[in-house]
Amino acid sequence: MESITTRKTIRKYSSREVSNELLNKLLKEAERTPTMGNLQLYSVVITRSKEGKEALAPTHFNQPMVKNAAVVLTICADFRRTSIWAENRKAVPGYSNFLSFMNATTDALLYTQTFCNLAEEAGLGTCFLGTTVYMPQLIIDTLKLPKLVFPVATITLGWPDENPTLSDRLPLRAIIHQEQFEDYNADKINDFYEEKENLEENKHFVEINKKETLAQIFTDIRYTKKDNETMSEGMIKALKNQGFLE
């Protein structure tokens, strides 16, 4: 698939609608993705209305593409459907635990990636919103998600109205390990990150933020320890509320 090697994150969309026929076709095709025990431990909440997108926007720090995309998809780890099926078939489910959450999350993320591949091959643009796990309780409340359903991914979807450059990627040697894991050292890190650190846009990013290294952008500005710990607490609380943790 050429769209794999040329994929770009699309944040600006045209006013052209994404038909229900096309959306349902892609959602159905994505069901062929791998899934644990063939249980399909995921569900998708489709948001098309202006009111629905406006309600979701604060949960994603009001990023403009949430309101501007034709469709917003919230993909959820869902063990509720399987549990209720079991209860209605003289079986006793035991899925109110963290392992079940991990299994359902894996299913949901696999489905998300397959859907994105299919959508981009069809000419649509997507943006994966990592903010979904930052304030999950707000999404849970907004979408009225019941017990054993938890949001793990959000995709904005529409016809592209921009053509950004490809994002940089680490060289293959940075991510593969032969037979056993080979730990990193300073020489390897220098090799793996040299190209990324020397990109003009990244050097400019460091300069305007008055930092010494690109790594400091991530540790001091984008993903700080304080924010990670605060959002971790919120996520654990939401997991308890949704029945995945005691």
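**Figure 1. Contacts across the whole protein.** Among contacts (heavy atoms within 4.5 Å) between residues at least 6 apart in sequence, 78% join residues at least 24 apart. The model is predicted: local features need pLDDT of at least 70, side-chain atom pairs count only at pLDDT 80 or more, and totals for chains, interfaces and linings use all residues. Residues are numbered from 1 along each chain as its sequence is written, and side-chain values use heavy atoms, with hydrogens and water left out. The protein has 11 helices and 4 strands. These are DSSP runs, numbered from the N terminus: helices are H or I with at least four residues, strands E with at least two. Along the principal axes, the C-alpha atoms fill a box of roughly 60 × 45 × 35 Å. Of the 246 residues, 35% are buried. Buried means under 20% relative accessible area, exposed over 50%, and partly exposed in between, with a 1.4 Å probe and protein chains only.

**Figure 2. The salt bridge of Arg7 and Glu120.** Side chains of opposite charge can pair when their charged atoms come close. The structure holds 10 salt bridges. Each is a side-chain nitrogen of Lys or Arg within 4 Å of a carboxyl oxygen of Asp or Glu. Here the side chains of Arg7 and Glu120 meet, at 3.2 Å from N to O. Arg7 sits in the loop between α1 (2–5) and α2 (20–29), and Glu120 in helix α6 (residues 98–121), so the pair ties together parts 113 residues apart in sequence. Arg7 is partly exposed, at 28% relative accessibility. Glu120 is buried, with a relative accessible area of 13%.

**Figure 3. The salt bridge of Asp191 and Arg173.** The N to O distance is 2.8 Å between these two side chains. Asp191 belongs to helix α8 (residues 186–197), while Arg173 lies in the loop between β4 (149–158) and α8, so the pair ties together parts 18 residues apart in sequence. Asp191 is partly exposed, at 32% relative accessibility. Arg173 is partly exposed too, at 46%.

Figure 4. Glu229 is partly exposed, at 43% relative accessibility. Lys225 counts as exposed, at 61%.

**Figure 5. The largest pocket.** Rolling a probe the size of a water molecule over the atoms shows where empty space is left. A pocket is found on a 1 Å grid over the protein atoms alone: it is an open set of points where a 1.4 Å probe fits, with protein on both sides within 12 Å along at least five of seven lines. The largest pocket holds about 1,300 Å³ of space. That volume is the space filled by probe spheres set on the points, which are joined across faces, edges and corners. The pocket is lined by 39 residues, and the closest to its centre are Thr9, Arg11, Ser167, Arg222 and Tyr223. Lining residues have an atom within 4 Å of a point. α6, β3 (125–128), α9 (200–208), α10 (214–222) and α11 each supply at least two lining residues. α6 gives the most, with 6 residues. By class, the lining has 17 nonpolar, 12 polar and 10 charged residues. Ala, Val, Leu, Ile, Met, Phe, Trp, Tyr, Cys and Pro count as nonpolar, Asp, Glu, Lys and Arg as charged, and the others, Gly among them, as polar.

**Figure 6. Ser43 and its surroundings.** Ser43 has its place in strand β1 (residues 42–47). Ser43 is buried, at 19% relative accessibility. A polar contact of 3.3 Å joins its side chain to that of Asp78. Such a contact is a pair of N or O atoms within 3.5 Å; within protein, one must be able to donate a hydrogen and the other to accept it, and residues adjacent in sequence count only if both atoms are side-chain atoms. Leaving aside neighbours within four places in sequence, Ser43 is in contact with Thr74, Ile75, Cys76, Asp78, Arg81 and Val149.

Figure 7. Ile189 lies in helix α8. Ile189 is partly exposed, at 34% relative accessibility. Glu21 is found in helix α2. Glu21 is exposed, at 68% relative accessibility.
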